[in-house]
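Welcome, and thanks for taking a look at this one with us. The briefing below walks through the charge pairs, the pocket, the surface and one backbone detail.

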Amino acid sequence: RIEPSVRYATSELSFVEDGLEDSQDIETWEIGVGLFGRKQVTDAAHIYYGARLAYVDTESTTVQPALFGDVIRSESTQDGYRIGPTLGFEYLFGRHFSVGGEFSYTFMDLEGESRASIEGLEFSRVDIEQKSNGTQTRLIFRYMF
């Protein structure tokens with residue numbers, strides 16, 4: 001089974017301390033594919049195994065108050081990949097619908113840069129790298145062509 005995927009996620013965070021507001025906005029795009037083998041358990045139930053691979057592109061903007069009423073604006077851009085061996089099950093309803101669950105252990109590797117400025121004047125540029133791993137579980141409803 002070949003299973004393409006597209007994911008878009010946004011996150012907004014803001015808080016006020018001593019009358020000053022900090023905020024952070026994150027936007028992430030992923031485009032990927034899953035490649036799976038399948039084992040039939042009953043006529044309607046299957047177990048599948050394989051891996052998901054995705055290209056990841058993320059942007060983050062942080063705004064913080066600074067001294068004397070100035071504002072520090074930090075922007076970062078990163079891209080890279082996410083890969084994860086996956087094990088799942090599904091139960092078919094008719095020929096086109098299924099419900100199931102899956103478990104994967106994912107590895108993510110992103111690289112990019114971060115720039116910081118005060119009132120439009122850039123004062124810092126840093127290369128950044130983010131590596132992470134961990135488990136993911138999903139409840140999945142599928143429509144199959």
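Let's begin with a charge pair: Arg142 and Glu90 form a salt bridge, and their closest N and O atoms are 3.3 Å apart. This pair links distant parts of the chain, since Arg142 sits in strand 6 and Glu90 in strand 4, 52 residues apart. Please keep in mind that the model is predicted.

**The Arg142–Glu90 pair**

- Arg142 has a relative accessible area of 9%, and Arg142 is therefore buried, as the cut-off for that class is under 20%.
- Glu90 has a relative accessibility of 1%, so Glu90 counts as buried by the cut-off of under 20%.
- In general, side chains of opposite charge can pair when their charged atoms come close.

**Lys131 and its partners**

- Which side chain meets that of Lys131 at 3.9 Å, N to O? The partner in this salt bridge is Asp109.
- Here too, distant parts of the chain are linked: Lys131 belongs to strand 6 and Asp109 to strand 5, 22 residues apart.
- Lys131 also meets Glu129 in a salt bridge, with an N to O distance of 3.7 Å.
- Lys131 is exposed, with a relative accessible area of 58%, whereas Asp109 counts as buried at 16% relative accessibility.
- Glu129 has a relative accessible area of 48%, so Glu129 is partly exposed, a class that lies between the 20% and 50% cut-offs.

- How many salt bridges does the structure hold? The count is 17.
- Salt bridges that share partners join Arg1, Glu3, Arg38, Arg52, Glu90, Glu102, Arg138 and Arg142 into one network.
- The buried Arg142 and the buried Glu90 are both members of that network.

**The largest pocket**

- The largest pocket holds about 590 Å³ of space.
- Its lining is made by 26 residues, and Glu3, Pro4, Ser5, Arg52 and Arg138 are the ones that lie nearest the pocket centre.
- Which strands each supply at least two residues of the lining? They are strand 1 (2-17), strand 2 (20-40), strand 3 (45-65), strand 4 (71-93), strand 5 (97-118) and strand 6 (121-143).
- By residue class, the lining divides into 12 nonpolar, eight charged and six polar residues.

**A nonpolar surface patch**

- Ile2, Val33, Leu35, Leu53, Tyr81, Ile83, Tyr105 and Phe107 make a nonpolar surface patch of about 720 Å².
- Strand 2, strand 4 and strand 5 are the elements that give two or more residues to the patch.
- Tyr81, one of the patch residues, has its place in strand 4.
- Is Tyr81 buried, partly exposed or exposed? Tyr81 has 40% relative accessibility, so Tyr81 counts as partly exposed, between the 20% and 50% cut-offs.

**A backbone detail at Glu119**

- Glu119 is not a glycine, yet Glu119 has a positive phi of about 50°.
- For context, most residues other than glycine have a negative phi.
- Where is Glu119 placed? Glu119 lies in the loop between strand 5 and strand 6.
- Glu119 has 52% relative accessibility, and Glu119 therefore counts as exposed, as the cut-off for that class is over 50%.

Key
Residues are numbered from 1 along each chain as its sequence is written. This is a predicted model: local features need pLDDT of at least 70, side-chain atom pairs count only at pLDDT 80 or more; totals for chains, interfaces and linings use all residues. Side-chain values use heavy atoms; hydrogens and water are left out. On a 1 Å grid over the protein atoms alone, a cavity is a set of points where a 1.4 Å probe fits but cannot get out, and a pocket is an open set with protein on both sides within 12 Å along at least five of seven lines; lining residues have an atom within 4 Å of a point. Grid points are joined across faces, edges and corners, and a volume is the space filled by probe spheres set on the points. Helices (H or I, at least four residues) and strands (E, at least two) are DSSP runs, numbered from the N terminus. Ala, Val, Leu, Ile, Met, Phe, Trp, Tyr, Cys and Pro count as nonpolar, Asp, Glu, Lys and Arg as charged, and the others, Gly among them, as polar. A salt bridge is a side-chain nitrogen of Lys or Arg within 4 Å of a carboxyl oxygen of Asp or Glu. Buried means under 20% relative accessible area, exposed over 50%, partly exposed in between (1.4 Å probe, protein chains only). Patches are made of residues with over 30% relative accessible area and no salt bridge: like charges are joined within 9 Å, nonpolar side chains (Val, Leu, Ile, Met, Phe, Trp, Tyr) within 5 Å. Accessible areas come from the Shrake-Rupley method with a 1.4 Å probe; for residues, only the protein chains shown count as cover.
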